[in-house]
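Trainee: I would like to go through the terms used for this model and see what each one rests on.

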Amino acid sequence: MKLNENFWNNKYINNETGWDLKAPSTPLKEYIDQLENKNTRILIPGCGNAYEAEYLLKQGFINITLIDISEVIVEKIKEKFKNNPHIQVLHQDFFDLEGQYDLILEQTFFCALHPELRQKYSIKMNELLAENGKLVGILFNREFGNNTPPFGGDKTEYETYFNDYFDFKVMENCYNSITPRKGTELFINLKKIRK
């Protein structure tokens, strides 16, 4: 099965969005609450319904980029944010994206990619981050046993992808996961290593 645009369009069309929390993820919300520079260039890949972006806008952030491969969800989000100059919504494959960001927020994007792309993901994240940029978010710390997303894993495996490209500020079990995900999430705060 190809995890391409059609795959994700169909998920949204058929409302098969079990990953959708209908709100910003608590660990990311609490991280955002600590950020002071409202000009920070923020990217959210595989943004879905973009609840984190909505929250960022409410907190006064003015430089947000969203990207998703699904045209269905991108059109919906463009409509949602159409009068907001502080947000850019891109319908594009993440691996084709160019630009420089100070912060990339990870929320159910990594687990949606086929595991064969994980090393490529790490390299691309490093490339997209500006000097001293950070990749911050949540990874699943469990196996799903699926041959379709979400794809799981654990800390030891993830370290192998990120070791050469990031300094690990944090990669620990989330203490503030939502109840259904308690004990199954890792919070990551990874700082770019210049390559």
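Predicted model: local features only at pLDDT ≥ 70, side-chain atom pairs only at ≥ 80, totals over all residues.

Mentor: Residues are numbered from 1 along each chain as its sequence is written, and side-chain values use heavy atoms, with hydrogens and water left out.

Trainee: What makes the largest cavity a cavity, and what is its volume?

Mentor: A cavity is a set of points on a 1 Å grid over the protein atoms alone where a 1.4 Å probe fits but cannot get out. The space filled by probe spheres set on the points, joined across faces, edges and corners, gives the volume, here about 60 Å³. The structure holds one cavity of 30 Å³ or more.

Trainee: How do you know which strands supply its lining?

Mentor: Lining residues have an atom within 4 Å of a point, and strands are DSSP runs (E, at least two residues), numbered from the N terminus. Strand E4 (101–107) and strand E5 (129–140) each supply at least two lining residues; the largest share, three residues, comes from E5. Among the lining residues are Glu106, Phe110, Ile138 and Arg181.

Trainee: Why are E3 and E6 called edge strands?

Mentor: Two strands pair if DSSP finds at least two bridges between them. The open sheet of seven strands has the order E3-E2-E1-E4-E5-E7-E6, with mixed pairing. Strand E3 (87–91) and strand E6 (166–173) each pair on one side only, so they are the edge strands. Seven bridges join E6 to strand E7 (residues 185–192), and the two run antiparallel.

Definitions and conventions
1 Å grid on protein atoms, 1.4 Å probe; cavity = no way out; pocket = protein on both sides within 12 Å on 5 of 7 lines; lining within 4 Å. Helix = DSSP H or I, 4+ residues; strand = E, 2+ residues; numbered from the N terminus.
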